[in-house]
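Grab the sequence and the 3D view, and let's take a walk through this structure together. We'll stop at a few spots along the way.

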Amino acid sequence: MTTIAGERAPDWSSEQWQVRARSWVDAQLSRAGRRVTGLVEPRLRPWSLVWRVPTDDGPVWFKANNPGTVHEAVLITALAELAPDRVLTPIAVDPAQGWSLLPDGGESLRDVLARDPDLAHWERALPGYAALQLASASRADELVALGVPDQRPEVLAGLFAELLDDHEALLVGAEGGLSPEVHERLRAELPAYAQRCRRLADLGIPATVQHDDLHDGNVFAGAAGYRYFDWGDASVAHPFGTLLVTLRSVGHAGKLSADDAQLVRLRDAYLEAWTDRYDRRTLVEAADLAIGLGPVSRSLSWRRALDTPEESRAQYADAVPGWLEELFAASPLQPNP
């Protein structure tokens, strides 16, 4: 697996890197009139390093992305300009380094649902996310130019074909990877996949930012309303691809069957934002197509996230082939006719 644009993943464990990053955090907080008051609390994943930094005005969060997810810093800056009520406004970012410094967002939707598992919380959260996507649609080309991955329906089939050629990422024939038989079955699926991509594009719903990992752990639900974070998996894509992870995670958490009416209500709460532009039949068809095409997007997101040295990605490596194999799985939403 090669690194994005030939870049090397940073060595976050090195003292030199940590001193440089800490100096940057201190400088940005000083500009904001704040200072660090204690030890940072780290959380390390192959795709990012996160520090919880205590300050004299509450905690802040420093994040360093790897080369595969480095676009997150520039994306959250753009989203804060386009939809400031829907995301956290960064204290500072360094797009070249993939560094961001964010205020604390309070409790998550997961925290809220742990106390009160009523899915009405999701019904209220999804329209705000849809509004963010609508606000960003006119800037899709600009976001791609800034480095946000382009996974629009017009290019997705080509990305799928390229992904199938990456035997290393797909672990073809290896433990945890695709068997040669499944790999060939996926290759045979390419023409039908491309046809579905063309149909989705032809429906005319514009591409925009697509979070691609919108579950309850990536939504703040504080007094300021619902705000959406952790954009490292995001791309410019068909907006409705979001529904794959969201409905799947909700269904799994609530042990809901794919034909549960609650999942249909969540889908419709999300799609409501587009009903002034498209009829319901078009929106439902587009949602079904985007959900069905989504496993390729997820596999691509994981491949970028694991653009790191082999020893650091081994624990998660099966996610790339695993998500691709989900193309043959049932949809998380199958309403009764």
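Is aspartate 230 buried, partly exposed or exposed? This is a predicted model, and in it aspartate 230 has a relative accessible area of 27%. Buried would need a value under 20% and exposed one over 50%, so aspartate 230 counts as partly exposed. You'll find aspartate 230 in the loop between β9 (225–228) and β10. Check its backbone too: phi of aspartate 230 is near 65 degrees, a positive value in a residue other than glycine. Here's some background for that: most residues other than glycine have a negative phi.

Now look for another aspartate with a positive phi. Aspartate 212 has a phi near 75 degrees, and its place is in the loop between β7 and β8 (219–222). What about its surroundings? The relative accessible area of aspartate 212 is 3%, and the limit for buried is under 20%, so aspartate 212 is buried.

Strands of a sheet pair through backbone hydrogen bonds, either parallel or antiparallel. Here, three strands make an open sheet in the order β6-β10-β7, with mixed pairing. At the edges sit β6 (150–151) and β7 (208–210), each pairing on one side only. Strand β10 (residues 235–237) runs antiparallel to β7, and three bridges join the two.

Next, head to another set of strands. Which strand does serine 48 belong to? Serine 48 lies in strand β2 (residues 48–53). With a relative accessibility of 2%, well within the under 20% cut-off, serine 48 counts as buried. Leaving aside residues up to four places away in sequence, serine 48 touches Trp12, Arg43, Lys63, Ala64 and Asn65.

How many bridges join β2 to β3? There are six, and the two strands run antiparallel. Valine 50, for instance, stands opposite lysine 63 in β3. The hairpin of β2 and β3 has six residues between the strands, and glycine 58 takes a positive phi near 90 degrees there.

Strand β3 (residues 60–65) is mostly covered, since five of its six residues are buried. β3 also pairs with strand β5 (residues 99–103), again in the antiparallel sense, over five bridges. Look for tryptophan 61, whose bridge partner in β5 is leucine 102.

Last stop: a pair of helices. Two packed helices are described by the angle between their axes and the distance between the axes. For helix α6 (residues 153–164) and helix α12 (residues 280–305), the angle is about 55 degrees and the axes are 10 Å apart.

Definitions and conventions. Residues numbered from 1 in each chain as written. Predicted model: local features only at pLDDT ≥ 70, side-chain atom pairs only at ≥ 80, totals over all residues. Heavy atoms only, no water. Pairing = 2+ DSSP bridges. Helix = DSSP H or I, 4+ residues; strand = E, 2+ residues; numbered from the N terminus. Buried < 20%, exposed > 50% of the residue type's maximum accessible area, 1.4 Å probe, protein only. Axes fitted to C-alpha atoms, helices over the stretch in contact; angles between N-to-C directions. Contact = heavy atoms within 4.5 Å.
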